[in-house]
Amino acid sequence: MNYLPTAILFLTTLTLPGWLQAATEGDASRGAEAAAVCASCHQADGSGKHNEQGESWPQLAGLDADYIAKQLRDYKSGQRQNATMKPFANMLSEQQVADVAQYYSEMAPHPGQGGDSASEEVLQRGRILAQRGDWSEYIVSCKSCHGPDNQGAGSVFPGIAGQHAGYIESQLKAWQAGDRTNDPQDLMGTIARRLSDDDIRAVAAWLATQPPQAN
Amino acid sequence: MKSTLTCAMLAGSVLFTALVSANENTDDYINTLTELGFPAPKDNQLVHIPPTLQDLEQSDVHPELKRVIRRGYDLFTDTQQLRGENVFNNMNCSSCHLGDGRMPFSAPVWPAAVTLPGYRGKNDHVNNLEERIAGCFTYSMNGKPPEYGSDDMLALAAYHQWLARGVPMYPEKPIYGRGFPAPERPEELSYERGEQLYQEQCAVCHGDNGGGLQVGEKTVFPAPWGDDSNNWGAGLVRLFTAAGFIKNNMPLGQPLSLSDQEAWDVAYFISSQERPQDPRYTGDVAETLEKYGPTFHKHSLYGQKRDSDGKVLGDHSNTGDKDFLKPDTVWPRTFE
């Protein structure tokens with residue numbers, strides 16, 4: 001491991017808010033080559049996979065390119081921690097980060113997995129949290145940041161509709177535990193910490209049953 | 001988030017909630033709010049947490065009334081569906097009245113349903129609920145209110161009135177969490193500090209040029225200034241109202257996270273930016289200021305020189321996206 005570049009990268013991310021970082025122009029066909037190693041988990045069509053036991057692999061298809069690039073940079077710099085992903089992010093040069101981001105962003109998304117087994121009641125609770133929030137706990141609706149139908153808003157607020165339930169749950173829990181802290185201004189962490197375990201299951205299940213952004 | 005604190009605190013509140021047919025989770029709301037740092041209700045205050053849309057579905061009001069109240073809710077939370085007709089900026093009613101117009105400290109809208117008809121200093125006559133709603137259309141939405149008595153107006157009024165369910169008319173007690181209570185005004189306000197804070201904590205959503213963000217025809221983040229924002233006649237251009245709104249509601253999800261100084265500085269910065277002309281404009285900014293200064297603009301920066309560059313604010317005839325200045329619903333009433 002080479003610590004110096006990581007330290008430098010970390011400093012640059014500190015001086016500029018993530019959402020302001022200048023984007024390197026990405027090329028989707030170059031991205032396809034660099035993404036060959038990613039397919040074992042994220043699948044050749046970018047759909048990822050909900051794994052009932054163990055880590056789920058997020059769907060990348062159709063996510064905003066700048067959002068994807070930011071996440072990859074965050075894995076590289078250690079701003080976002082995950083043992084499975086880190087080595088793969090580290091393999092990519094800055095140019096390759098932009099290329100794979102472009103590649104996945106242009107793919108058509110597939111339906112989310114892992115929500116179908118939830119009961120009607122659970123899905124109903126999930127829908128309310130996602131679309132209206134629960135102000136008795138000051139839980140702002142997910143869509144007020146993640147955009148109409150939770151299909152994403154700009155490059156800061158990713159689409160979460162049609163994402164896999166297992167992955168959504170794991171991220172919300174990571175925020176609660178303080179293991180994911182790469183969101184701007186703790187915007188996501190603040191909301192995640194107000195969710196109960198039942199809320200997390202419900203909202204993850206409902207979002208997984210919703211159509212992802214059709215691009 | 002429920003804690004034993006609630007029980008202790010609310011032992012005292014039973015006294016005043018008894019007056020109102022309280023929503024069964026009133027305690028949850030108050031507990032959550034006080035944990036976030038909002039003041040607990042005082043003994044003499046009227047506390048009301050309005051019913052939700054789920055409560056509406058479960059209630060036994062006539063199905064046709066349910067349908068109309070639902071439409072009111074839909075108009076309130078997605079007012080952009082009236083864009084170009086009644087709304088000429090990128091706001092929804094819920095852009096300023098958070099939590100679907102139900103939340104204390106975010107100018108919950110139900111008090112209007114139980115305090116009106118009543119006198120309003122802003123237009124110096126007695127207004128009813130429809131006229132109050134029309135006011136927010138005219139100024140906050142830079143628009144043209146739906147006709148009095150029209151389906152849309154009636155649906156909106158029905159939603160307001162439903163939210164007030166169980167509260168007596170013309171209550172005598174002061175209402176807990178009404179309006180946007182302002183923090184104490186600090187001695188000095190700084191445009192520069194406000195600008196810096198805006199870029200650091202607000203621009204991620206509202207845009208570095210204040211334009212907000214729309215996705216398709218829906219507004220995700222409203223515009224705090226510029227052509228897509230409220231006009232110079234809206235309540236939010238008053239510094240204390242803006243500071244109160246921001247302190248109690250922003251950044252989204254993190255109320256009361258700014259210091260009083262920060263809330264005022266960023267309000268001062270936002271209020272120093274341009275926006276569509278006040279519909280009461282006479283054709284001359286100084287004259288308009290003289291006319292509406294005493295009742296309104298003494299609290300705003302309208303007609304004043306901006307700190308950063310000396311530009312006189314509001315000195316223009318830009319009406320934003322609409323091609324008229326004043327909708328014909330703005331008229332004096334004399335009851336004679």
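**Exercise 1.** Which residues form a nonpolar patch on the surface, and what accessible area do they have together?

*Solution.* This is a predicted model, in which local features need pLDDT of at least 70, side-chain atom pairs count only at pLDDT 80 or more, and totals for chains, interfaces and linings use all residues. Residues are numbered from 1 along each chain as its sequence is written, chains are lettered from A and ligands numbered from 1 in the order in which they are written, and side-chain values use heavy atoms, without hydrogens and water.

Step 1. The patch consists of A:Val37, A:Phe88 and A:Met91. Nonpolar side chains (Val, Leu, Ile, Met, Phe, Trp, Tyr) are joined within 5 Å, given over 30% relative accessible area and no salt bridge (a side-chain nitrogen of Lys or Arg within 4 Å of a carboxyl oxygen of Asp or Glu).

Step 2. Together they have about 260 Å² of accessible area (Shrake-Rupley method, 1.4 Å probe, only the protein chains shown counting as cover for residues).

**Exercise 2.** Determine where A:Met91 lies.

*Solution.* A:Met91 belongs to the loop between α5 (86–90) and α6 (94–105) of chain A. Chain A has 11 helices and 0 strands (DSSP runs numbered from the N terminus: helices H or I, at least four residues; strands E, at least two).

**Exercise 3.** Describe the interface of chain A and chain B.

*Solution.* Step 1. The contact (heavy atoms within 4.5 Å) involves 24 residues from chain A and 30 residues from chain B.

Step 2. Across this interface, 0 salt bridges are found.

Step 3. α8 (143–146) and α10 (187–192) of chain A each supply at least two residues of the side touching chain B. The largest share, 3 residues, comes from α10(A).

Technical notes. Patch = residues over 30% accessible without salt bridge, like charges linked within 9 Å, V, L, I, M, F, W, Y side chains within 5 Å. Buried area = accessible area lost by both parts, 1.4 Å probe.
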